[in-house]
Amino acid sequence: MASEQTAADTFALLSDESRVDILRAIAREQYEQRLSNSGFTPLSFSDIYERVAIDNTSKLSYHLGELNGIYLEKSDDGYSFTHAGEQIVRFILAENFRQPVDVGTIETEGACLYCEETSLVAELDDQYFVVTCSACDRPVTGYIVTPAQARSYSGAALLESVKRKQAVEFGMVQEGICPECAGRVRTEVLDVDEQPVPEEVPVSYFTLDQCEACLRQYSGPLTYSVAYRTPSVAFHWEHGVDVMERGWWELHCYLVEERWSAERVATDPAEYRVVLRYEDDELRVFLDGNARIVRTERVRGRSVE
Ligand SMILES: [Zn+2]
Ligand SMILES: [Zn+2]
């Protein structure tokens with residue numbers, strides 16, 4: 001039974017190139033069906049047989065039998081993907097198992113939290129897109145990119161894709177949903193004293209966000225835990241700023257200029273107030289000890305709304 005399969009058994013099933021071909025062929029056919037507007041239907045045995053280089057039906061039957069219940073689901077109409085099949089075939093088609101291509105050095109602007117320099121450079125370091133300060137040579141921020149992402153975009157377009165992905169994913173993390181696996185993320189607010197952070201960094205509180213299911217971890221200044229959430233997106237949008245297209249290294253200037261700030265306003269239970277300022281207007285977001293939004297206030301000029 002599928003539920004008794006171990007991870008090793010599951011991956012061992014893919015050690016045969018014919019089975020990988022079957023998964024690819026089904027995905028390609030589904031893609032064609034959607035393009036031709038005919039809607040998705042499961043693929044029959046003969047449909048699959050026509051599309052793979054397997055020389056007899058008993059071999060195909062054997063391989064489909066092996067994949068069924070793990071990567072494929074068989075119904076009266078034919079074969080379709082399970083969740084594992086869907087995930088693995090996208091991984092295979094996007095070739096995310098390969099090393100990313102060299103993207104070179106990309107110049108960008110933002111702010112360094114250590115020395116306040118605004119000219120930065122971005123490079124790929126294995127799976128990380130690392131933005132480094134041109135003046136002090138320290139890493140300003142880093143974010144995971146995929147090999148498909150590095151292959152699909154270059155230069156400014158790659159920068160844009162990293163920013164947008166980071167904004168969307170960090171927004172999900174702050175809503176408690178893991179961008180990797182959709183499992184539950186638990187967030188804790190930590191005092192800067194509990195973090196190995198150099199003194200010159202103008203941040204007092206951090207979040208530590210951990211997925212209970214896949215163990216993915218995220219961390220960042222508490223102010224950024226608010227940046228990509230609805231009250232901030234709306235506040236900035238009203239001021240003509242799409243905050244969702246700003247990467248972390250472009251948010252650092254707000255901390256350096258003290259336009260964005262965070263402080264603890266209550267203990268037991270802990271409550272934090274993050275203030276995002278734009279010209280004379282302020283958005284105040286009150287958060288609990290798990291960085292959940294408790295309430296918000298808008299201040300226009302000097303009057304609280
Ligand atoms: Zn610097
Ligand atoms: Zn996860």
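Tutor: Strand β1 (residues 72-75) runs antiparallel to strand β2 (residues 78-81), the two being paired over 4 bridges, where a pair of strands requires at least two bridges found by DSSP. Helices (H or I, at least four residues) and strands (E, at least two) are DSSP runs, numbered from the N terminus. A hairpin of 2 residues joins β1 to β2, and within this pairing glutamate 73 stands opposite serine 80 of β2. Residues are numbered from 1 along each chain as its sequence is written, while chains are lettered from A and ligands numbered from 1 in the order in which they are written. The model is predicted, with local features needing pLDDT of at least 70, side-chain atom pairs counting only at pLDDT 80 or more, and totals for chains, interfaces and linings using all residues, and its side-chain values use heavy atoms, leaving out hydrogens and water.

Further along, an open sheet of 4 strands pairs in the antiparallel sense in the order β3-β4-β5-β6. Its edges are β3 (106-109) and β6 (139-144), each of which pairs on one side only. On average, neighbouring strands of this sheet are turned by 30 degrees against each other, direction ignored; here axes are lines fitted to C-alpha atoms, for helices over the stretch in contact, and angles run from 0 to 180 degrees between N-to-C directions. Between strand β5 (residues 128-133) and β6 there are 5 bridges in the antiparallel sense, and threonine 132 is placed opposite proline 139 of β6.

Helix α7 lies across β3, β4 (119-125), β5 and β6, at about 80 degrees to β6. Helix α10 also packs on the sheet, where it touches β3, β4, β5 and β6 and its direction makes about 140 degrees with that of β6; contact means heavy atoms within 4.5 Å.

In one of them, the ring centres of phenylalanine 170 and tryptophan 248 are 5.0 Å apart and the planes stand at 85 degrees, so the pair is edge-to-face. This pair links phenylalanine 170 in helix α7 (residues 155-174) with tryptophan 248 in helix α10 (residues 248-256), 78 residues apart. Phenylalanine 170 and tryptophan 248 are buried. Tyrosine 224 and tryptophan 260 form another edge-to-face pair, at 6.2 Å centre to centre and 80 degrees between the planes. Tyrosine 224 belongs to helix α8 (residues 224-227) and tryptophan 260 to strand β10 (residues 260-266), so this pair ties together parts 36 residues apart in sequence. Tyrosine 224 and tryptophan 260 are likewise buried, a term for under 20% relative accessible area, with exposed over 50% and partly exposed in between (1.4 Å probe, protein chains only). Rings of Phe, Tyr and Trp (its six-membered ring) pair if their centres lie within 6.5 Å, and planes under 30 degrees apart count as stacked, over 60 as edge-to-face and the rest as tilted.

Phe170, Tyr218, Tyr224, Trp248, Tyr254 and Trp260 form one aromatic cluster.
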